Amino acid sequence: MWRYLGRKFTIYVLTFFLAVTIDWVIPRFMPGNPVQTMLSRAALRAEAVEVMRGYYLKAFGLDVPIWQQYLNFWKAVFRGDLGISVYLFPKPVMKVIAEAIPYTLAILVPAILLSWLAGNKFGAFAARRKWLDSTLLPLGYFLTATPYMWLGILLAWGFGVALGWFPIAGGYSFAMTPHFSWKFVLDLLWHWFLPFASLFLVMFGGWAIGMRNMIIYELEADYAQYLESLGAPRRLIRNYAFHNALLPQITGLALQMGTIAAGAVVTETVFSYPGIGSLIVQAIQNQDYFLIQGCFLFIIIGVLLANFLVDIAYLIVDPRTRRGMLGET
Amino acid sequence: MELLAVENLRVYYQTLRGDVKAVDGVTFSMSPGEIMGLAGESGCGKSTLGRSLVLLKPPMKYVGGKVLLKGTPLPIWDKKTMASFRFSEVSLIPQYALSALNPTRKVKKLLTDILWSKGIKFSQIFPELRRRMELVELPLEVLNMYPFELSGGMKQRMVMVLSTLLNPSLLIADEVTSALDVSTQKAVARMLVEFRDRKFVGAIIVITHDISLLYQIADSIFVMYAGKLMERGSTEDLIQRPKHPYTQLLVASLPRIGARYAQEKLQGIPGCPPSLLEPPQGCRFRTRCPRTWEKCLEEPPLVTTKDGDLTWQVACWLAVDKHA
């Protein structure tokens, strides 16, 4: 088993290295450069511009050859230093991200886990039940085919604008300053609900449809037929089918992780939610190399970590994988 | 008394193009301890007949007929009521025995779950289970293994032990040997006889297209063609002195060991079975029968002769004439 985990770990390290390299390269392919943007914002005279340019290039470490910049970048990453934001100059990227990350995690983690759990439960429950099945199926396909931001906009309009039940922007009311009190926590939850719901609903549809199809497949499987011919109750057969149908859903969860991160970007943008997603959009618009790198670094780490957890979960739930690993090594 | 009596059983398949008459008015009976071979070509309805006695579910449709097990009617048309008869009264060794066990549950857990649903504790039946596993030479460790860790033969034996654990009155063995190699086939066949001899099961219906297997283990053979009974008689008589032209051709087409194709052409039956959607009128074999005559356009009667304990049934006009 350790060999299995070791192999997995090596793959993850390699993936991390490649992904971070790409993350470093991509922003630098953008036309223009961040210093230029800053200077044009400052609207200085020509001679002052040259001085400032030199200063900023040095400050951001952009005055050395490109390969040197790359090496410096890795060195800094291992020190936990992600550089200084251009857009929010002179705030360190680490600090900017640290402020945004709780918001993103607060909508992503519950949305992923709850939609997975609820979707699977509901899909399994609806499979082979006439009424539910014929209503769930179209609804599920509709939800899963819905773009995150479109559903977000619909929810914001319906519950925010038309009904006025929820706020449509921000992580908390503008009138408040972040502090720890029930009033503030409730306010946070109030702002949290719509972005969470729009992610949850789209993913819920996908999981429910997937589970429904898997269960039907499993109920047709030989072992289910055999149980039925031995007079086993429907509940036992469904239980077995559910357990077996869950395995591909776990794999699906790992595969979904990347798209979900993208979903967070658009959802946060729709609701102006102060998470990593909104930050990325801001960073790209301002050519903030360091902030882009930092945000994507966190997404990369998040996706890899989640995949690793799924790998381990798979080892626990599927005896075939487990025995395969323990038996041969 | 007869252990099983099936009277005019009709089981159709519902399809968009109409009913496929897979079992169309089948009548037979079995005495206690009998091993009956159910033989016929693929698609003749033999599996449908066997399976309908255990689990009749869509697209299968019960159309008519009666089934009596030890004198009491078996409600095969009622899926729910049948559940209490399955496993304990009628049981099945499925065609797909190699994939019949849930791959993600240990064998012991699977057994516990199934037995629990019948209100039996695993510990209660464990001594008997151990005896039977010893009998079929399955080590006890199998219980703590996952099905995917067992070999094909082991899975087959485990399913056989499980299916017969509650001493069912009737066991349906559906193509139990078709996926196995010859030596394992023989062992499985011997086990079926052994189970009968030890009274683990009341009677066995062995569904197969392998007539030579039946010759070794069956007491009687039931030959089916296109959803109908063609001939039923004791194994010895049926193989040595078949009366129905179909049985004659079927027996003649068996390859003999030692015969080489180059010297002796392997016999077959020309033509193919009729569509069961709209089966031909009269005898269903008449389109391929070498001895067909005008009379065959009418439904042949079931000629039954009793010879001591043995009943011989033939559905053919030729048989009628001989007895007239």
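Reader: By class, how many residues in the lining of the second largest pocket are nonpolar, polar and charged?

Author: The model is predicted, and the answers here are computed from it. About 600 Å³ of space lies in this second largest pocket. Its lining has 17 residues, and those nearest the centre include Glu228(A), Arg234(A), Lys57(B) and Lys79(B). Counted by class, the lining holds six nonpolar, two polar and nine charged residues.

Reader: Which element gives the most residues to the lining of the second largest pocket?

Author: Two chains supply elements that give two or more residues to this lining: helix 8 (182-220), helix 9 (222-229) and helix 10 of chain A, and helix 2 (79-82) of chain B. Ile237(A) is one of the residues nearest the centre of the pocket. The top contribution is three residues, and it comes from helix 10 of chain A.

Reader: What is the volume of the largest pocket, and which residues are the closest to its centre?

Author: The volume of the largest pocket is about 750 Å³. There are 29 residues in the lining, and the closest to the centre are Val109(A), Ile112(A), Met257(A), Gly302(A) and Ala306(A).

Reader: Which element supplies the largest share of the lining of the largest pocket?

Author: In chain A, helix 5 (93-126), helix 10 (234-270), helix 11 (276-285) and helix 12 (289-317) each give two or more residues to this lining. By class, the lining residues are 26 nonpolar, three polar and no charged. The largest share is ten residues, from helix 12 of chain A.

Reader: How many cavities of 30 Å³ or more does the structure hold, and what is the volume of the largest cavity?

Author: A probe the size of a water molecule, rolled over the atoms, shows where empty space is left. The structure holds one cavity of 30 Å³ or more. For the largest cavity, the volume is about 70 Å³.

Reader: What is the radius of gyration of chain B, and what does the globule rule give for 324 residues?

Author: Chain B is built with ten helices and twelve strands. Its radius of gyration is close to the value from the globule rule, so chain B is as compact as a globular protein of that length; both values are 20 Å. Along the principal axes, its C-alpha atoms fill a box of roughly 65 × 50 × 45 Å.

Reader: What percentage of the residues in chain B is buried?

Author: Chain B exposes about 14,900 Å², of which carbon and sulfur atoms supply 53%. Among its contacts with a separation of 6 or more, 65% join residues 24 or more positions apart. The buried part of the 324 residues is 53%.

Reader: Is Gly50(B) buried or exposed?

Author: Gly50(B) sits in helix 1 (residues 46-52) of chain B. Leaving out residues up to four places away in sequence, Gly50(B) touches Ile172(B) and Ile207(B). The C-alpha atom of Gly50(B) is separated by 7.3 Å from that of Asp174(B), 124 residues apart along the chain. Since the relative accessibility of Gly50(B) is 1% and the cut-off is under 20%, Gly50(B) counts as buried.

Methods. Residues are numbered from 1 along each chain as its sequence is written. Chains are lettered from A and ligands numbered from 1 in the order in which they are written. This is a predicted model: local features need pLDDT of at least 70, side-chain atom pairs count only at pLDDT 80 or more; totals for chains, interfaces and linings use all residues. Side-chain values use heavy atoms; hydrogens and water are left out. On a 1 Å grid over the protein atoms alone, a cavity is a set of points where a 1.4 Å probe fits but cannot get out, and a pocket is an open set with protein on both sides within 12 Å along at least five of seven lines; lining residues have an atom within 4 Å of a point. Grid points are joined across faces, edges and corners, and a volume is the space filled by probe spheres set on the points. Helices (H or I, at least four residues) and strands (E, at least two) are DSSP runs, numbered from the N terminus. Ala, Val, Leu, Ile, Met, Phe, Trp, Tyr, Cys and Pro count as nonpolar, Asp, Glu, Lys and Arg as charged, and the others, Gly among them, as polar. The radius of gyration is taken over C-alpha atoms; the globule rule is 2.2 Å times the number of residues to the power 0.38. Buried means under 20% relative accessible area, exposed over 50%, partly exposed in between (1.4 Å probe, protein chains only). Contact means heavy atoms within 4.5 Å. Accessible areas come from the Shrake-Rupley method with a 1.4 Å probe; for residues, only the protein chains shown count as cover.
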